[in-house]
Every structure is written in C-alpha cells, then in structure tokens.
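Visitor: I have the model open and would like to learn how to read it, one feature at a time.
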Amino acid sequence: MRAVVFDGVVLGLQFGLLGVGLTLVYGLGGVLNLAQGQLAVLGAIVAALRLNEGSAVVPAVLTGLVVAGTVALVLDLTLMRPVYRRHGEDRVLLGLLLMLGVAFIIDGVLTWRYPIEALTLRIGGDPVDILGVRMRTGSLLASAIALGVGAVLVVFLRYAATGKAVRSVIQDEEGAQLCGVSPATVRAFVFALSGVLAALVAVTRSMTSPVTVNAGIDFTILALIVAVVGGLGSVSGAFLAGILLGVVNTVSAHYIGTYVTTIVLLGAAAVTIVLRPSGLLGAGRE
Amino acid sequence: MGRAGAPAVRAYAPVVLTAAVVALLPLRYGDSRPMMGVVISGVLFACYAVGFNVIFGSTGQLFLCTGALAGLGGYGSAILSDRHGLPMVLAMLLASLIAAAAGGLLSWIAVSRSLGVIFTGIVTLAFALAFQNLLLGQRDLTGGETGLVVEAGSDTLLGEQVAPFYVFVALLTAYLALFRALQRSHVGWAFRALRDDEIAAELAGVDVKWYRVLAGTLGSGMIGLAGALYAHSEGFISPSTFSFGEVDVLVIVMLAFGGIGSLLGPVVGAAAFTVLEEWMESFDEYRLIIYGSVILVLFLLLPRGVVPTVQALVERLRRRSGRPSVPVAPSPVDTLNPG
C-alpha cells in the first residue's frame with residue numbers, strides 16, 4: 001500500500017508541474033493555453049535531437065527548455081496581443097481558439113519533420129530505499145525536480161518583487177497598473193515561464209517513460225484537468241490537485257485495474273469540481 | 001422585444017433557402033460514393049453544431065461532450081436495435097432520450113453548483129473522456145477499439161448512396177426550424193435575457209436555472225439523434241467516430257467560425273470546414289500545419305464569426321443608402337435575407 005501511494009505522489013508531482021504553467025497563464029490573462037502540451041513536446045523533441053547530435057544531457061535539456069520558453073514568449077508578444085485587447089468571455093474564447101490553432105501547427109510541424117522521434121532519459125543508479133519502499137532513481141529525480149520547482153515558484157510568488165507583481169495582476173489588473181506594474185510585461189514573462197515549465201514536465205516525464213511526438217494532446221488535457229481541479233490561478237492548488245489525482249490514479253490502477261482507472265480519475269476530478277466549484281484552492285468563482 | 005413580431009414567412013425563409021441549396025449538392029456529387037460520404041458528414045456536423053449552438057450559443061454552457069452525446073445516441077441505438085431487437089426508429093428515439101437525459105443531468109449539475117464556463121467545460125470533458133474509455137473497455141457490448149458493425153438500417157433506404165443524404169438534410173432543416181422557433185418564442189426571449197445579463201434576467205423573473213437545463217436537455221437530444229442516425233446510415237461506428245478530437249474540436253471551431261448563437265452560423269461553419277478538410281486531403285503531411293494556420297488567420301480576421309460580421313456589414317450598407325433599418329427589432333438573420 002505504501003509503495004502504491006508513493007508511486008501516486010511521484011506521478012502527482014508531475015501532474016502538478018503540468019498544471020502550474022496552465023494555471024498561471026489563465027490566472028493572469030484569461031488565456032487557456034491549449035498548446036501547453038505541444039510546447040512540452042516541442043521542448044522534449046529539441047532535447048532529443050540535441051542528444052542525437054551527441055550533446056551531453058544537461059545542455060540538451062537546457063536547449064529544449066529555452067526553445068519552448070522562447071516560442072511561448074513570441075506567441076505572447078504576437079498572437080496574444082489581439083486577445084488581451086478583449087474582455088470577459090470573448091477573451092477566453094478567442095485565446096482558446098488561437099492556441100488551438102497553434103497546437104495544430106506545432107503538432108503538424110513535429111509529426112511532419114520528426115514522426116518517430118522521442119525523448120527518453122535513462123537515469124542510472126540503483127533503486128533507493130525510502131521508508132522501506134524501493135524507488136527508482138528516475139522517479140526520485142523527477143519528483144525532486146517537480147518539488148524543487150514548485151517550492152521555488154511558491155517562494156518566488158510570495159516574496160520576490162516580480163512574483164508579487166505577478167500576483168497583483170492575477171488579483172486586480174487595473175489596480176496593479178495603478179501601482180506601476182505593467183500587466184503586459186508580467187504576462188509575457190509568465191507566458192515564457194509556462195513554456196519552460198511545460199518543457200520541464202516533458203523532460204521529467206521522460207525519466208520514467210518515453211515522451212513521443214504525439215503526446216501533446218494528452219499533456220494538455222491532463223494539465224487542464226489538474227489546473228481546474230486545483231483552482232485556476234493557484235500554484236499550490238495545482239500541486240495539491242496533482243498529488244490527489246496521482247494517488248487516486250495509482251491506487252485505483254493497483255486495486256481495481258487499469259481500464260477503470262481513467263474513469264475513476266476523471267470521476268474524482270469531476271466530483272472535486274462539483275463539490276468545490278472554484279477548485280481546491282481557487283480564490284473565487286471565475 | 002424580439003422577432004415574434006416579424007412575419008413568419010420572413011423568419012423561416014433562411015431555413016428554407018438553406019435546405020434548398022444544400023439539397024442540390026447530390027446533383028454534383030451524387031454519382032460518387034466517397035464524395036457523398038463527405039457531404040453527409042458535412043450535414044451531420046452542421047446538425048451537431050446546431051445542437052451545440054442551442055446549449056452554448058443560447059445559454060453559454062460550454063459542453064465539451066458533443067462527441068460523447070452523439071456516441072450515446074449512436075451506440076445506444078445500435079445496441080438497442082441489433083442486440084435487443086427493437087425497431088430501428090424506436091431505438092433511435094430511445095437512444096436520443098438517453099443522450100437528452102445525460103445532457104440534462106450534466107446541465108443540472110453545472111447550474112445547481114453554479115459552475116462557470118471553464119468549470120462546466122472541464123466537468124463535461126471528464127464525462128466525454130470517461131465515456132470514451134467505457135467504449136474501449138466494454139468490449140462485449142461495443143466491440144472496443146475495433147468498432148461495431150450496425151446491422152439495423154442497412155436494408156432500408158439508409159443503406160443507399162444518395163437517400164441517406166436527404167434524411168440528414170431533413171433532420172438539419174428540422175433542427176434549424178426548431179432553432180428559429182425557439183428564437184421567436186418566449187424561450188428565446190429568456191435565452192437572450194440570460195445571455196446578456198444573468199442577474200438582470202433573474203431579477204426580471206426569468207427562471208435562469210430552468211432555461212439552462214432545458215437548453216442542455218434539448219440540445220443533447222438533438223446531438224444524440226444525429227449520432228444515432230449516422231450510426232445506422234454509415235453501418236459502422238467506432239470510439240473514434242465520437243471522440244473528443246474528432247467531433248468536439250471541429251464542432252467548436254465550426255460554430256465559432258460561423259457565428260456563435262446565430263441561426264446559420266453552424267451551417268456556414270460546417271460547410272467551410274468540410275470544404276477545407278476535403279481540399280487539404282491532397283496536402284497530406286502538411287495537413288495539420290495548414291489547418292492550424294487557417295484557424296489562426298480566420299479567427300484573427302473574423303473573431304465574431306462570419307454570420308454576425310456579414311450582418312453588421314449589411315446593416316451598415318443599408319444605413320448608408322438611407323433606407324430605414326429593419327422595422328421591428330433587427331433579427332440576426334433577417335438582415336442576411338435581402339428584400
């Protein structure tokens with residue numbers, strides 16, 4: 001039982017990291033980034049290509065993160081401009097449709113140029129005993145990275161000046177502007193950050209199982225569910241939701257069977273939303 | 001307010017006109033089985049989009065389970081008729097009722113917990129993905145990934161090459177007429193009121209909750225019936241026939257392109273994207289890239305959708321030429337209809 005829960009937490013931390021980027025971008029600009037998964041895969045494929053060229057792991061991964069972040073930044077500076085000029089439901093819908101178009105394009109380019117490429121990172125080393133459970137090094141490293149990034153994000157948002165600026169825009173865009181915070185700059189920064197985070201998820205994921213070219217849509221759907229269950233705009237909510245869903249996932253896979261698991265997972269997500277309509281740690285109704 | 005005052009002939013003219021134009025398509029494509037398949041799927045998606053328009057366009061509930069609702073209709077009707085020996089028409093009606101009940105239930109949950117647009121979207125998406133998993137898992141009943149051959153209907157006119165097309169056109173015409181009738185009735189008045197300002201509508205005595213559930217039930221039943229009809233006319237269904245990626249994404253893009261909430265938006269959108277898909281067949285490997293680029297360009301140029309944009313344009317030209325605007329309250333589509 002303990003081993004199953006541990007596995008669930010490992011998976012959940014990945015889920016959480018996946019939801020964070022989406023949740024921040026939505027909290028800031030009201031844009032549901034439907035290309036989140038494709039950005040993740042883009043980063044992974046760039047890293048894989050660098051590895052093929054004989055690059056070392058760390059520089060290859062860094063290149064992947066930078067490319068995904070840059071693409072996200074460019075998207076924010078160009079395509080998202082007309083979106084931010086709109087308000088309310090109009091903004092949500094246009095942002096969602098444009099990012100859907102971007103998702104198709106990235107998917108199309110990747111499957112056209114690199115149809116069979118995949119990123120797999122083999123993390124060596126013997127399994128480590130933690131509280132009597134043998135854990136693979138790959139899972140541990142992936143969890144450590146997810147936890148570390150999550151902690152840095154929470155601390156950054158709470159204490160750093162830029163982090164406070166981000167939170168101020170999430171809470172009240174006009175108020176933040178009056179205090180001298182530029183929402184446009186903050187949005188561009190967070191959009192780029194979400195690209196980097198997305199690629200990072202793909203990288204940590206590849207430590208336990210390969211990330212293929214067509215994994216984008218699954219990443220996006222999972223990110224959406226995690227972000228909404230956690231409460232859009234809340235970083236710790238995303239991680240909480242991720243861990244909750246991760247544990248539900250592995251426990252039900254272990255005791256009930258894999259085919260029912262997805263249904264249990266989706267059911268858990270739906271029930272959470274219905275019980276807490278603004279998400280686990282959501283501030284208010286959207 | 002509203003178009004109840006507009007003469008009935010004028011109000012329904014766009015419906016009749018659309019049906020007449022669509023009905024001419026077999027003249028061009030009637031002798032090609034694959035092309036008839038494409039045209040039928042275009043009309044099918046127009047039907048889905050009208051149903052989705054009732055739910056999302058009229059009352060703002062983002063249902064991300066169009067495919068699943070159609071699948072309830074399709075698989076439901078196939079199983080009821082082939083396994084349990086029900087007559088096809090009865091099976092189709094029962095399956096549509098099941099879809100309507102499912103949609104009504106989802107709507108009721110969303111409304112009574114006052115879920116926002118995105119949250120309704122995620123709950124219904126979870127339902128759609130779970131349904132997809134059920135289809136894959138319940139092999140004995142659904143055939144799993146390999147799909148299900150639908151026997152009932154193959155010996156009727158649904159098994160022919162051109163006849164099923166006209167059945168679909170009849171269905172689409174009925175849906176459009178229903179949509180127009182809703183717009184002209186007190187229900188449409190309530191829909192507009194709650195779309196414009198939910199709280200004001202509530203204060204004015206509109207039972208917002210009831211109208212939302214009504215839209216969710218009715219629209220889902222329409223989607224379910226279209227899915228059931230497709231199952232019998234196509235003779236084969238598989239989970240991907242009703243998957244989120246194959247149905248919902250396309251329906252949303254079509255409706256958003258045509259114009260959300262407008263009568264003819266679903267038809268314009270379905271026509272445009274059916275032509276686009278067909279045209280892209282020849283590009284094969286760049287397909288997704290072109291598709292994505294077209295979506296970007298279209299929505300950057302026409303963020304409100306084709307039908308509302310054209311209406312605004314026609315309205316402006318009328319004003320400039322000094323002719324009085326439409327006598328009663330301008331109906332979205334009346335302005336499309338010249339004269």
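Visitor: Is Ala201(B) buried or exposed?

Guide: Burial is a neighbour count: a residue is buried if 20 or more other C-beta atoms lie within 10 Å of its own, exposed if 12 or fewer, and partly exposed in between, with C-beta atoms placed from the backbone. Ala201(B) has 20 other C-beta atoms within 10 Å and is therefore buried. This is a predicted model, in which local features need pLDDT of at least 70 and side-chain atom pairs count only at pLDDT 80 or more, while totals for chains, interfaces and linings use all residues. Residues are numbered from 1 along each chain as its sequence is written, and chains are lettered from A and ligands numbered from 1 in the order in which they are written.

Visitor: Where is Ala201(B) placed, and which residues does Ala201(B) touch?

Guide: Helices (H or I, at least four residues) and strands (E, at least two) are DSSP runs, numbered from the N terminus. Ala201(B) belongs to helix H10 of chain B, residues 198-203. Two residues are in contact if their C-beta atoms, placed from the backbone, lie within 7 Å. Leaving out residues up to four places away in sequence, Ala201(B) touches Ala193(B), Leu194(B), Val206(B) and Val208(B). For Leu317(B), 116 residues from Ala201(B) along the chain, the C-alpha separation is 33 Å.

Visitor: What does the neighbour count give for Ala142(A)?

Guide: Ala142(A) counts as buried because 25 C-beta neighbours lie inside 10 Å. Ala142(A) sits in helix H6 of chain A. Beyond four places in sequence, Ala142(A) touches Val10(A), Gln14(A), Thr204(A), Met207(A) and Thr208(A).

Visitor: What is to be noted about phi of Ser114(B)?

Guide: Phi of Ser114(B) is near 35°, which is positive in a residue other than glycine. Ser114(B) is in the loop that runs between helix H5 (88-112) and helix H6 (117-137) of chain B. With 13 C-beta neighbours inside 10 Å, Ser114(B) counts as partly exposed.

Visitor: How do H6(A) and H7(A) cross?

Guide: Axes are lines fitted to C-alpha atoms, for helices over the stretch in contact, and angles run from 0 to 180 degrees between N-to-C directions. Angles under 35 degrees count as roughly parallel, over 145 as roughly antiparallel, 65 to 115 as roughly perpendicular and the rest as oblique. Helix H6 (residues 137-159) and helix H7 (residues 161-171) of chain A have axes that come within 5 Å and cross at roughly 80°. H6(A) and H7(A) are therefore roughly perpendicular. Phe156(A), Leu157(A), Arg158(A) and Tyr159(A) of H6(A) meet Gly163(A), Val166(A) and Arg167(A) of H7(A). For classes, Ala, Val, Leu, Ile, Met, Phe, Trp, Tyr, Cys and Pro count as nonpolar, Asp, Glu, Lys and Arg as charged, and the others, Gly among them, as polar. This contact has 4 nonpolar, 1 polar and 2 charged residues.

Visitor: At what angle do H1(B) and H8(B) cross?

Guide: The axes of helix H1 (residues 8-23) and helix H8 (residues 163-184) of chain B come within 10 Å and cross at roughly 165°. H1(B) is therefore roughly antiparallel to H8(B). The contact includes Ala11(B), Tyr12(B) and Val15(B) of H1(B), and Val169(B) and Thr173(B) of H8(B). By class, there are 9 nonpolar, 2 polar and 2 charged residues in this contact.

Visitor: How many residues of each chain take part in the contact between the chains?

Guide: Chain A contributes 35 residues and chain B 33 residues. Helices H5 (88-113), H10 (216-230) and H12 (258-275) of chain A each supply at least two residues of the side that touches chain B. H5(A) gives the most to that side, with 16 residues. The side of chain A has 26 nonpolar, 5 polar and 4 charged residues.

Visitor: What does the radius of gyration say about chain A?

Guide: The radius is taken over C-alpha atoms, and the globule rule is 2.2 Å times the number of residues to the power 0.38. Chain A has 12 helices and 4 strands. The radius of gyration of chain A is 19 Å, close to the 19 Å from the rule for 286 residues, so chain A is as compact as a globular protein of that length. Of these 286 residues, 56% are buried.
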